[in-house]
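Please keep the sequence and the structure in view while reading.

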There are 4 protein chains.
Amino acid sequence: VTDSPTLGTSLGTSTADSITVQGYDLCNELIGKVDFGDMAFLLVAGRLPAPAESTMFNAVLVTLADHGLTPIALAARLTYTGAPESLQGALASGLLGAGNVFLGIVDGAARMLQEGVERAADSSDAALRQAAQTAVSDFRQRRAPIPGLGHPIHRPEDPRTTRLYALAEEVELLGPHLRLLRYIADETRAQLGKALPINAAGTCGAIVSDLGFHWSIARGFALVSRSAGLVGHLWEETQRPIGRAIWELAEREVPYVQPERNEG
Amino acid sequence: VTDSPTLGTSLGTSTADSITVQGYDLCNELIGKVDFGDMAFLLVAGRLPAPAESTMFNAVLVTLADHGLTPIALAARLTYTGAPESLQGALASGLLGAGNVFLGIVDGAARMLQEGVERAADSSDAALRQAAQTAVSDFRQRRAPIPGLGHPIHRPEDPRTTRLYALAEEVELLGPHLRLLRYIADETRAQLGKALPINAAGTCGAIVSDLGFHWSIARGFALVSRSAGLVGHLWEETQRPIGRAIWELAEREVPYVQPERNEG
Amino acid sequence: VTDSPTLGTSLGTSTADSITVQGYDLCNELIGKVDFGDMAFLLVAGRLPAPAESTMFNAVLVTLADHGLTPIALAARLTYTGAPESLQGALASGLLGAGNVFLGIVDGAARMLQEGVERAADSSDAALRQAAQTAVSDFRQRRAPIPGLGHPIHRPEDPRTTRLYALAEEVELLGPHLRLLRYIADETRAQLGKALPINAAGTCGAIVSDLGFHWSIARGFALVSRSAGLVGHLWEETQRPIGRAIWELAEREVPYVQPERNEG
Amino acid sequence: VTDSPTLGTSLGTSTADSITVQGYDLCNELIGKVDFGDMAFLLVAGRLPAPAESTMFNAVLVTLADHGLTPIALAARLTYTGAPESLQGALASGLLGAGNVFLGIVDGAARMLQEGVERAADSSDAALRQAAQTAVSDFRQRRAPIPGLGHPIHRPEDPRTTRLYALAEEVELLGPHLRLLRYIADETRAQLGKALPINAAGTCGAIVSDLGFHWSIARGFALVSRSAGLVGHLWEETQRPIGRAIWELAEREVPYVQPERNEG
């Protein structure tokens, strides 16, 4: 297309005896040398992670992979009940529910934190505390919930958050976004008079921000991670199905309501 | 549901201060301790892989993640062009094309190999060679292509296959399915009089079979792997879009054909 | 693409002041002149239906549109719960479950009937009865269920089938596929000694066959039809949500099962 | 679920010899009596349309069904290339691109018009003109494009718009939303000094608003409509495929770009 001089892709190219992905020789530099978490990092970042980065990035993917019978898992399983001929269809059906309400907290938090760090004069404690104050006031003024805070079950702390912060400290990657998130939790407690736990999705949003990813792609990593969980659910569905039982439950518990006849 | 005594899930459960996934404590046993490839293994197998298994399983996920502008990647990017509000939608749209024609070779090969190994008296060379002969004759009789053999670009060898077999030997996991696949390639050359390369999808199907997974879930790992590639494409699409250019190309190259008016 | 001389589409083309779809002028020949059922017919058949054909085709689309809380509807609603930002995602999630198990009966029956009619010497009663005998014996030999027969609730008759057959007679479109399906039901009763009702999906497969559509696209019309039902469910979900209640039900009724720890 | 006393659905329920949908007896009141457009109306509105309403609603569905090789159609076809085993998957893949950029104009326009009509003191010309002025100023101030105005090909008028307005006048359903849209076009020309055509998507958004539907479900009707177009594309793809040609075009026209090696 002559009028689009910038058309191009770095994702991959092939010759008869080689495949190149993001500038790396797939067979000689990647297969057997990097784990799949590193590969997912490379495919977006265009570079391989350093060892500490690999630890944190893999930890994010492990954290978000699954935790049971979520709406996403139920949708995938119900889809499999009707269309067992297409594993990709059942997986896609589940991923489609990984939207703003649940996994979207990852990119919502990443966005808030990236805007906050950008706004801060520097990454000193004082500057980040100031950015936290601004962020919390801003969300409260818009009466919007602060992404990454609060959890229906994990209180007063989300154990994944505790673990991820400890790990970041251990590998010396407790960056400005993770630090800002903690200040935002502190500031929220101060302004609201009650403590809300930092949840795992928020923490993961902070980590991928510290790893240099733009907030708009943060959800992508949550989706890759959750696809592994959904494959686990679909395998379990073939062995110990629940799809038809959920259907029966729904039919039993949700009555038909006769609408008023209102002729056109 | 009282009449379904076997309803149950092992995928996950939560208490206020813990999450358990497939019997493992997420925070203390998994996050920061296993890589994401191992997590994907656990979510289906219900156990963590041994180190050599982890090497091979991660190698499969790295191998299948991406290699450029496939139909799958194009579909995801075109979907993003029209619906940038939903990253999960664009990813799902791409995964839906990971069907029988391309990624389906992974489970097609896995099925052929698992049926062959089961049919073989034991896993001796002689027994596997015999199983290979039976399999090739069977596919030829049904005039069906042998899954895992042949490639439009990678000839006479698929470099990923070479690398994966070397790796399997290195970590001492060259199991009966990988071996059978090689005998099937030999037998095909003998019966057809021409050599077809073992392709990467077929090799990956053999590896997950040697790792103990049922062929019917093999495609699931290909989907997890490819989801990372698609997220890479979608990030690139935000930075250097090609969706509209593909659209223009299609409109330019595919003419409108006036159908014969054939009144009902 | 020089080596594909047959590239082309009849779906549509535009100039500054006209749009042409399948050879028809959209603005002057279709909008306000044909109903949407006719439009769906045209888009596949490349011609408009005659009045009696329009009646039967619309009847099929009306029949299959919805009947309550199916697995498909539940999946769409659960997806909406997590991703209310994307109506197209929730709809797509639901449609993905319209596979071989439920809506696939439409094309399964259409295939059986088209193969039967083709096999029959002519469309006389005797020839169709013979074709029915062959078809039933064939399915019984393969121990496969006969598509289009049987229903868990609608016994001894599916009221939709009764209505559709009466309508076909009324508009004089009781063609060989509808007739063959009735002979197949008779023959099944004779061979099995018990009556199975002809279900609505099977009847719809027969009707689209009589209308001249290939069995492989029959499911497409079921999908168009069901998309209207799913949009109804999604609108209801915004007004009177059940997604979270289904989730709670599932969590309450499906216990976590601790797997045996089986170290790698 | 005892704490959700309002759980319920009006979509459908069944007994052995009847199916009820939105309060109507499917077999006796709908099949053979209403066309599929009316059925789609009923499934959301909970009532059947009056004759003039049926005309306008069917006209919307006919208008939006298809017009050629859009990104949506290309995605569906590319998905079919890789996964011909799942028609529902290819359809879903295409629908996922029916997002904010293209079909979203329908609900964007509907929203603007419903907010405008609500804001207007009454539906007199003067009040609507005033609402138009407010709306245009508001969009210009936010530097947002006015949904429903402008078209890359159809200038100075979109012929579908001309036809739909004439039809509305003919059946006496030129309601306040259609009228307001025309005032908004006038006001835009006055403020910008250049004329933008009212496009078909905007007009359809106005019509469904005049029919009483909430803007948030307007996209749903566009999706039902487009699903018929996509089934047309998929049938054509089985007869005269373009998927592989598009893939080759993309590979030929989009070069691989070697990224700078930037070690982690």
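## An enclosed helix in chain B

The buried residues of α10(B) are covered by elements that include α3 (51–64), α6 (104–119), α8 (159–170), α9 (176–192) and α11 of chain B. The model described here is predicted. Helix α10 of chain B spans residues 200–210, and because 10 of its 11 residues are buried, the helix is largely enclosed by the rest of the structure.

Which residues of α10(B) are buried? They are A200(B), A201(B), G202(B), T203(B), C204(B), G205(B), A206(B), I207(B), V208(B) and S209(B). After α10(B) comes G212(B), a residue with a positive phi, near 100 degrees.

## The interface of chains A and B

How many residues of chain B are in contact with chain A? The contact involves 80 residues of chain B and 81 residues of chain A. The size of an interface is often given as the accessible area lost when the parts come together. For chain B and chain A this buried area is about 6,800 Å², and 72% of it lies on carbon and sulfur atoms. Helix α11 (residues 215–239) of chain B supplies the largest share of the side of chain B that touches chain A, namely 15 residues.

Sorted by class, that side of chain B consists of 41 nonpolar, 26 polar and 13 charged residues. Between chain B and chain A there are 19 residue pairs in polar contact, counted where both residues have pLDDT 80 or more. The number of salt bridges found across this interface is 0.

## The interface of chains B and C

Chain C and chain B each contribute 34 residues to their contact. Together they bury about 2,600 Å², with 51% of this area on carbon and sulfur atoms. On the side of chain C that touches chain B there are 14 nonpolar, 13 polar and 7 charged residues. The polar contacts between chain C and chain B number 10 residue pairs, both residues being at pLDDT 80 or more, while the count of salt bridges is 0.

Two copies of a chain are related by a rotation about an axis and a shift along it. Here, chain C is superposed on chain B by a rotation of 180 degrees with 0.0 Å of shift along the axis, and the RMSD is 0.0 Å. The two copies are therefore related as by a two-fold rotation axis. Among the residues of chain C, G89(C) comes closest to the rotation axis, its C-alpha lying at 3.0 Å. Because 100% of the interface residues of chain C are also interface residues in chain B, the copies meet through the same surface.

## Salt bridges within and between chains

Side chains of opposite charge can pair when their charged atoms come close. Over all chains, the structure holds 44 salt bridges. One of them joins the side chains of R77(A) and E237(A), at 2.8 Å from N to O. R77(A) belongs to helix α4 (residues 71–82) of chain A and E237(A) to helix α11 (residues 215–239) of chain A, so the pair ties together parts that are 160 residues apart in sequence. R77(A) is buried, with a relative accessible area of 1%, and E237(A) also counts as buried, at 4% relative accessibility.

In chain C, R77(C) forms a salt bridge with E236(C), and their closest N and O atoms are 2.4 Å apart. R77(C) lies in helix α4 (residues 71–82) of chain C and E236(C) in helix α11 (residues 215–239) of chain C, so this pair links parts that are 159 residues apart in sequence. Both partners are buried: R77(C) has a relative accessible area of 1%, and E236(C) has one of 8%. In chain A, salt bridges that share partners join R77(A), E236(A), E237(A) and R240(A) into one network.

Where do the partners of the salt bridge between E85(B) and R219(D) lie? The closest N and O atoms of E85(B) and R219(D) are 3.3 Å apart. E85(B) lies in the loop between α4 (71–82) and α5 (87–95) of chain B, and R219(D) lies in helix α11 (residues 215–239) of chain D, so the pair joins two chains. R219(D) is buried, with a relative accessible area of 6%.

Methods:
Residues are numbered from 1 along each chain as its sequence is written. Chains are lettered from A and ligands numbered from 1 in the order in which they are written. This is a predicted model: local features need pLDDT of at least 70, side-chain atom pairs count only at pLDDT 80 or more; totals for chains, interfaces and linings use all residues. Side-chain values use heavy atoms; hydrogens and water are left out. Contact means heavy atoms within 4.5 Å. Buried area is the accessible area (1.4 Å probe) that two parts lose on being put together, summed over both. A salt bridge is a side-chain nitrogen of Lys or Arg within 4 Å of a carboxyl oxygen of Asp or Glu. A polar contact is a pair of N or O atoms within 3.5 Å; within protein, one must be able to donate a hydrogen and the other to accept it, and residues adjacent in sequence count only if both atoms are side-chain atoms. Helices (H or I, at least four residues) and strands (E, at least two) are DSSP runs, numbered from the N terminus. Ala, Val, Leu, Ile, Met, Phe, Trp, Tyr, Cys and Pro count as nonpolar, Asp, Glu, Lys and Arg as charged, and the others, Gly among them, as polar. Buried means under 20% relative accessible area, exposed over 50%, partly exposed in between (1.4 Å probe, protein chains only). Copies are superposed by least squares on the C-alpha atoms of residues with pLDDT of at least 70 in both.
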